[in-house]
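Me: I would like to go through the labels attached to this model and ask what each one rests on.

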Amino acid sequence: LEYCEELKRIAEETKDKALLGYVYFHIGLSYYILNKSEEMFHNIAEALGYLNETKQWSLVARSYNLMAIMSIAKGNISVGMDYYLNGINYCKQYKLDDIIGSFYVNLGVLYQENSLYFEALDYFERALKLYGNEPGQYTPRKTMIYTNLAACYMHRGNLDKTRMFMEKLDIECMPHYDDEDYVYVDCMK
């Protein structure tokens, strides 16, 4: 936050709108990490005008993701969904495939937590298509997506698909696990 304040001072002196958007976004991100929602929303709101004006679309999309996550964490699911949908629209408009995958995963988790497994499966499958579903191609996201797909299929009573994703976890992902992955996957199993 100290570095951001220094950068903000420089950006204001030089009237650098791109830097102001960048700095306000990172101040908001810092407050998000500190779980200070009011400060986060204030700074992200400041950032959005500058980010849109200077066409920093990936930071605009990431801003909507942060606002969605924080809104949902504070119990305002409908506002969070609106932020997710706005973020997805930015991602589609500006072809931000890596970021849209985060939205898909987050929406999948939200639906899964509310026992809407069909909807959750749809979003997890979309994320998997973006992050690569070729055998042997590993990303840490794949572990999380496969785990959630297995859990959703289990809740829907489709044990064949559940087993399929558990096997994918064992074959494609387990060789790359860190300690946290073992806990995450073993809890699902």
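This is a predicted model: local features need pLDDT of at least 70, side-chain atom pairs count only at pLDDT 80 or more; totals for chains, interfaces and linings use all residues.

Me: How many aromatic pairs does a search of the whole structure find?
Reply: The search finds 13 aromatic pairs. One of them is formed by Tyr64 and Tyr83, with 6.2 Å centre to centre and 40° between the planes.

Me: Why is the pair of Tyr64 and Tyr83 called tilted?
Reply: The centres are 6.2 Å apart, and a pair needs them within 6.5 Å.

Me: Why is Tyr64 called buried?
Reply: Its relative accessible area is 13%. Buried means under 20%, so Tyr64 qualifies.

Me: What makes the pair of Tyr84 and Phe103 edge-to-face?
Reply: The planes are 85° apart, and an angle over 60 degrees counts as edge-to-face. The centre-to-centre distance is 5.9 Å. Tyr84 lies in helix 5 and Phe103 in helix 6 (residues 97-113), so the pair ties together parts 19 residues apart in sequence. Both Tyr84 and Phe103 are buried.

Me: Over which rings does the charged end of Arg126 sit?
Reply: The charged end of Arg126 sits over the ring of Tyr104, 5.4 Å from its centre. It also sits over the ring of Tyr123, at 4.6 Å. The distance cut-off is within 6 Å.

Me: How do you know that Cys152 is in no disulfide?
Reply: The nearest cysteine sulfur, that of Cys187, is 16 Å away. A disulfide needs the sulfur atoms within 2.5 Å, so Cys152 is in none. The search of the whole structure finds zero disulfides.

Me: Why do Cys152 and Cys4 count as buried?
Reply: Cys152 has 0% relative accessibility, and Cys4 has 13%. Buried means under 20%, so Cys152 and Cys4 count as buried.

Me: Is Lys15 buried or exposed?
Reply: Lys15 has a relative accessible area of 69%. Exposed means over 50%, so Lys15 is exposed. Lys15 is in the loop between helix 1 (2-14) and helix 2 (17-33), and its phi is near 55°, a positive value in a residue other than glycine.

Technical notes. Residues are numbered from 1 along each chain as its sequence is written. Side-chain values use heavy atoms; hydrogens and water are left out. Rings of Phe, Tyr and Trp (its six-membered ring) pair if their centres lie within 6.5 Å; planes under 30 degrees apart count as stacked, over 60 as edge-to-face and the rest as tilted. Buried means under 20% relative accessible area, exposed over 50%, partly exposed in between (1.4 Å probe, protein chains only). Helices (H or I, at least four residues) and strands (E, at least two) are DSSP runs, numbered from the N terminus. A charge sits over a ring if NZ of Lys or CZ of Arg is within 6 Å of the ring centre and within 35 degrees of the ring normal.
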